[in-house]
Amino acid sequence: MSTPPIEPAVVELAGITHRYGPTVALSDCRLSIAPGEVHGLVGENGSGKSTVVKLLSGIMRPTEGEVRVGGRAVELRSPAAAQRHEIVTVFQETLVSDECSGIDNVFAGTDGIFRRARSGRAERQAAEQVVQSLGAPASILQSSPHHLSLAERQVLTLTRALVRPWRLLILDEATSALDLSTRDRLFALLDDHRREGRSVLFVSHRMDELEILIDRATVQRSGRTVGTVDKDEATPARLLSMMSGRSDAGEHHVRAEARARKASDVVLRGVELGLAAQAPAFDLDVRRGEILGIGGLDGQGGSHLVEVLAGVRPSTSGRVEVDRDGSWTRVTGYRQAFRSGIAYVPGKRQEEGLFPSLTVGDNLSLATLPRYSRVGVFRASSVLARVREEMSRLGVVPHDPSYPITGLSGGNAQKVLVGRWLAAEPDVLILNDPLRGVDLGTKRDFYALLRELTEAGTTVVMLSTEIEELLTCCDRVAVCQAERVFDVLEGEELTYDAVLAAMFGRHVDAPAGPTGPAGPAPHDSHDRKVTL
Amino acid sequence: MSATVATPLLQTVARKVPYFVPALVAVGVMLLLTASESETFLDGGWKLVLVYASPLVLLAMAQAPVVLSGGGGLDLSVGPTAGLVSVVIAAVLIPRDLSVAWLVIVAAILTGAAAGAVNATLVTLVRIPPIIATLATYLVFAGLATQVLGAPTGFLPEWMSWFTSVDGVLPNVLYVILGVGLVWLLLTRTAYWRNLLMVGSNDRAAYTAGVNVTAVRFLAYLLTGVMAGVAGLVLTAVLGGADSTVGPTYTLQAIAAVALGGLSLAGGRGGLFGAAVGAVLLFLIQNYLTLTEASSFELRMAYGVVLIVAIVANGAWDRKRKAR
Amino acid sequence: MSTAITQGDAPVAAASPPPPKRRAVRASSVLVYLSPVAMFVVLTLTTPGVLSTTGVMSLLVLASVLGLAAVGQTWAVMIGGIDLSIPATIGMANVLVTTLYAEGWGFGRIVLLVAVVSLAIGTANGLLSSLFGLHPLVVTLGMASLVTGSVLVATDGNTGGDVPGFVTDAVSPVGSLWGIGVPAAVVLWLLTLAVVLAVERRTVFGRRLYALGSNERAARLALVRPVMIRVVVYSVGALCASAAGLLLAGFSGGASVSIGDPYLFSTITAVVVGGTSLLGGAGTYARTVAGVLVTTMFTTLLVGLEIGPNMQQVMLGIAILLLITVYGRDRHVAQRL
């Protein structure tokens with residue numbers, strides 16, 4: 001198929017400015033998506049990416065400027081209106097209803113209020129085709145999504161988008177919930193669509209995915225469009241420096257010096273732990289003063305492991321023990337774990353962490369209030385002093401304890417959440433993927449903070465789904481695969497390739513086949529190496 | 001995610017069985033108990049029971065669409081709406097000799113629809129939380145009704161006794177209930193059903209999928225109003241007159257019936273049938289206690305116990321169903 | 001100061017946060033606290049006789065009964081619930097006090113019994129609404145029937161009774177406690193107000209109450225025990241409602257199990273008019289107090305204008321709608337994405 005040299009853009013944002021009250025979220029944004037291209041949209045949190053996505057999806061309308069579809073200015077008043085212009089969106093959050101079947105989730109919104117757009121059979125055929133091309137079983141369409149995994153739920157929302165007529169597909173961090181094989185199938189599918197002249201706006205934090213997929217990329221910084229670059233220019237280093245406005249953006253990948261901790265000085269241990277019914281048991285030691293990374297693909301047990309270590313979830317077998325003044329105390333629940341010096345920072349910030357109607361100070365002090373109280377009455381001045389101290393240690397902006405928590409950026413909200421538990425001065429700090437969706441600056445602050453904490457004797461266990469992050473800040477990394485710790489890497493062994501290999505159940509020096517105990521192999525694409 | 005363990009039997013059953021089955025089983029038990037207590041029950045007595053239960057059944061059914069539509073959806077004003085309808089019939093139409101059947105029926109439905117439209121506007125367009133909006137309209141409708149009709153009146157046109165007649169094989173009022181059910185059944189064959197459940201269980205998902213959330217919810221409140229209008233008509237006939245103070249007493253009972261029938265007050269789960277079954281169950285319990293010559297005091301006490309036990313059982317059942 | 005780890009040269013670390021919604025919230029809270037004042041001015045201008053010690057005191061006595069009844073409703077709403085058992089609890093206290101006093105029980109013993117029953121009601125409400133995520137609306141509705149029925153069975157529907165003279169004095173506008181010229185009911189209310197506000201603002205329990213209403217899952221992980229909080233919230237509510245029931249006995253002198261019925265909607269109205277969000281996690285009893293004063297004066301105003309009880313009800317409904325339209329609207333679904 002030949003492409004004429006100058007084609008009208010499928011969708012174009014021309015001089016868009018968007019304000020929330022006095023704050024400018026987007027200022028003079030320019031974005032033009034050509035037919036048949038995958039267009040990357042990158043930027044840190046607060047750069048205006050999500051505003052662009054919301055504008056194009058019809059969730060909000062710009063304060064100034066025009067959205068053009070096929071060269072004509074349009075008003076996208078609702079998601080339904082955006083869909084009439086053949087713009088479909090898949091959000092990072094898996095927006096499915098648990099009370100409707102998979103197929104109803106896919107086709108809801110295609111009908112009128114009463115009129116059905118397709119027959120039941122036509123719906124089934126169209127949906128099954130898409131679901132199967134994504135490598136998922138057609139059975140996910142029949143049941144209600146209660147029992148589906150996160151990845152399967154995201155397959156439903158992808159299918160919802162793909163069964164509609166579309167010229168522009170917006171993937172807003174939509175791949176983060178997918179497992180690797182599904183993601184690869186999706187990418188292959190997008191390739192086909194691209195050849196048919198359809199376009200994709202691909203919003204992602206993952207440099208590896210951007211590199212595989214995109215034709216061009218637009219970079220946003222602080223609500224402004226920095227520029228659009230072609231594929232060959234869009235190297236990770238270039239994009240990162242455009243995003244941050246610094247030339248040394250690659251710097252944070254430099255690994256901090258790993259420190260050897262005495263293997264005998266164990267502060268927390270899992271003994272014959274089983275995370276799921278059929279998964280093999282394993283032992284895990286956490287050494288005093290180290291940063292132990294927990295890695296692994298989504299759904300492979302990493303998240304279960306940190307929850308078990310923190311006492312939030314019971315293990316199916318075995319036990320977790322914490323060192324209390326020289327004797328081992330069994331961890332039986334998170335309250336008891338807290339009394340034993342273990343603090344747990346939950347994973348999903350919005351659902352498990354923040355209190356949206358409370359102030360920053362109240363969010364930060366909630367767990368430790370009893371320490372500043374007598375007969376249940378707390379001393380406001382001591383609490384406030386402690387809150388201020390934690391806020392400045394963490395660099396929370398703005399430095400105002402009475403600020404509403406909802407006014408903070410994701411990174412700052414995360415700092416508050418960590419501060420809630422740091423205020424408890426725990427011996428062991430367990431963090432469940434604290435840096436997901438957090439901007440680079442905050443990440444760097446965190447790495448330094450964790451170092452500082454461990455220097456002072458605190459032990460840190462941190463789950464992360466990003467390999468570089470594990471390499472950047474951890475002394476050792478335990479990689480989970482098939483609901484068990486597959487390997488613990490440290491020192492010389494701790495390399496990008498080794499972690500990646502372990503995620504797929506392989507050892508880096510034994511590439512011939514799976515060496516671990518037989519478990520359900522998570523993916524069939526083990527020969528495909530994702531590189532950065 | 002987690003490996004599939006052999007699913008316990010109870011959980012499998014809970015997943016397969018529709019939401020209203022526990023209430024239906026309870027109704028069966030209550031029917032047996034009632035039949036054993038009252039000799040005339042099987043011999044036609046049940047028809048009369050159904051007639052007296054019908055206002056509650058219809059009001060519980062009326063409550064269902066808004067509860068299903070989620071977002072804290074609830075209509076506290078269904079009772080007063082029914083009361084308002086009976087006042088319109090007795091104090092507006094009949095004194096003006098406008099008591100032809102079709103006119104009264106149309107007026108009842110329109111009055112209900114108007115009340116529903118007011119609630120719908122307040123909830124979906126002005127975006128006042130449903131419990132506050134319908135609390136306010138409860139006060140307004142109930143106040144207006146009593147203002148217009150101070151004292152109860154018992155003068156009704158001849159034809160309205162059709163509703164309470166039990167001479168046929170089935171009591172006539174059953175046809176009204178079935179008629180409402182049939183209209184609803186037809187509605188569930190359209191896309192509206194899917195839209196309603198989607199909006200009710202996750203309005204954000206529905207909105208981003210392209211469902212017109214506002215229109216779907218608006219319609220739910222309108223439907224509730226229309227059904228409350230029909231209930232008002234039947235209530236007038238069953239009371240044999242209009243009494244503005246009776247309607248409002250049905251509101252909390254209708255909500256209890258909906259919960260008994262297995263509908264989720266959080267929205268998105270259940271249906272009209274469950275609401276009707278819940279209402280029948282509630283009425284049969286009251287009826288049985290009266291039969292066993294319990295005092296109205298004991299009746300009230302037992303009613304509370306039954307309600308709590310039933311809600312707890314429904315909650316436990318739902319927990320089983322959702323367990324992974 | 002302490003060591004800040006934020007690097008000085010990191011301009012991206014803090015992308016300017018979106019504006020806080022505080023301005024809007026502040027504005028509406030000023031409105032809420034000014035509205036009783038405005039209402040009072042309107043009332044004195046239209047209704048002669050209000051601007052006198054007796055006039056003000058009779059307003060305050062009425063307000064204190066509603067105010068006590070509304071404590072439980074406020075806290076229940078703040079944890080994302082609702083309490084429909086308040087009228088039944090009021091009725092329970094009312095009947096127990098009058099009938100038992102007539103039977104010759106000592107007042108202290110009666111109060112103790114009423115308190116124990118209230119705690120039982122509150123505990124049951126709290127425990128049941130924590131089970132399986134049951135909706136408090138239905139739980140408290142069932143509890144209301146159970147309580148009213150039990151009281152009727154226990155007293156055999158007996159409505160006769162008697163109250164000690166000091167209870168009648170407590171609600172008399174010309175009554176006076178310790179010679180300071182304020183009826184005891186008002187003093188009781190003010191004391192309750194002070195305690196409730198102190199608990200909301202100064203105690204660990206208060207903070208946890210807000211946290212639970214704001215995000216239950218996060219609250220659990222932050223070491224809050226939801227069951228404990230709910231039990232306390234509904235128990236405190238039941239205790240205060242009992243106090244209201246006791247005061248009501250002073251008005252009538254007789255017992256009625258349904259004397260609390262008007263308080264089902266009027267407590268919710270007071271909370272709503274005060275602007276406490278029904279979504280939970282926000283609000284305060286101080287707002288409810290403003291709501292109580294406004295609704296009490298509003299009713300007095302309508303009575304003064306010779307508007308009958310039915311139209312009063314209609315007006316109240318319309319007033320609720322207008323107030324909520326000004327400051328209590330839900331967000332559109334698009335704003336929650």
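Q: What makes D285(A), E290(A) and L494(A) contacts of R476(A)?
A: In this predicted model, R476(A) touches D285(A), V286(A), R287(A), E290(A), I291(A), L292(A), G293(A), V488(A), L489(A), E490(A) and L494(A), with residues up to four places away in sequence not counted. Contact here means heavy atoms within 4.5 Å.

Q: Why is R476(A) called buried?
A: Buried means under 20% relative accessible area, exposed over 50%, and partly exposed in between (1.4 Å probe, protein chains only). R476(A) has 7% relative accessibility, so the residue counts as buried. R476(A) belongs to strand 21 (residues 476-481) of chain A, where strands (E, at least two residues) and helices (H or I, at least four) are DSSP runs numbered from the N terminus.

Q: What makes the pairing of the side chains of R476(A) and E290(A) a polar contact?
A: The two side chains come to 2.7 Å. A polar contact is a pair of N or O atoms within 3.5 Å; within protein, one must be able to donate a hydrogen and the other to accept it, and residues adjacent in sequence count only if both atoms are side-chain atoms.

Q: How do you know that R194(A) and D191(A) form a salt bridge?
A: The closest N and O atoms of R194(A) and D191(A) are 2.3 Å apart. A salt bridge requires a side-chain nitrogen of Lys or Arg within 4 Å of a carboxyl oxygen of Asp or Glu, so the pair qualifies. The two residues are three apart in helix 6 (residues 180-195) of chain A and are therefore separated by about one helical turn. At 16%, R194(A) is buried, whereas D191(A), at 28%, is partly exposed.

Q: Why does the salt bridge of R269(A) and E321(A) tie together parts that are apart in sequence?
A: The N to O distance in this salt bridge is 2.7 Å. R269(A) lies in strand 11 (residues 266-274) and E321(A) in strand 14 (residues 317-324) of chain A, so the pair ties together parts 52 residues apart in sequence. R269(A) is partly exposed at 24%, and E321(A) is buried at 9%.

Q: What makes D104(A) and R194(B) a salt bridge?
A: Their side chains meet at 3.0 Å, N to O. The count between chain A and chain B is three salt bridges. Helix 2 (79-84) and helix 3 (102-107) of chain A are the elements that give two or more residues to the side of chain A that touches chain B. Helix 3 gives the most, with four residues.

Q: What is the area buried between chain A and chain B?
A: The buried area is about 2,800 Å², with 58% from carbon and sulfur atoms; the term denotes the accessible area (1.4 Å probe) that two parts lose on being put together, summed over both. In chain A, E99(A), I113(A) and F114(A) lose the most area to chain B, together 23% of what that side buries.

Q: How do you know that C480(A) is in no disulfide?
A: A disulfide is a pair of cysteine sulfur atoms within 2.5 Å. The nearest cysteine sulfur to that of C480(A) belongs to C474(A) and is 13 Å away. The search of the whole structure finds zero disulfides over all chains. With a relative accessible area of 0%, C480(A) is buried.

Q: What numbering and cut-offs apply?
A: Residues are numbered from 1 along each chain as its sequence is written, with chains lettered from A and ligands numbered from 1 in the order in which they are written. Local features need pLDDT of at least 70 and side-chain atom pairs count only at pLDDT 80 or more, while totals for chains, interfaces and linings use all residues; side-chain values use heavy atoms, leaving out hydrogens and water.
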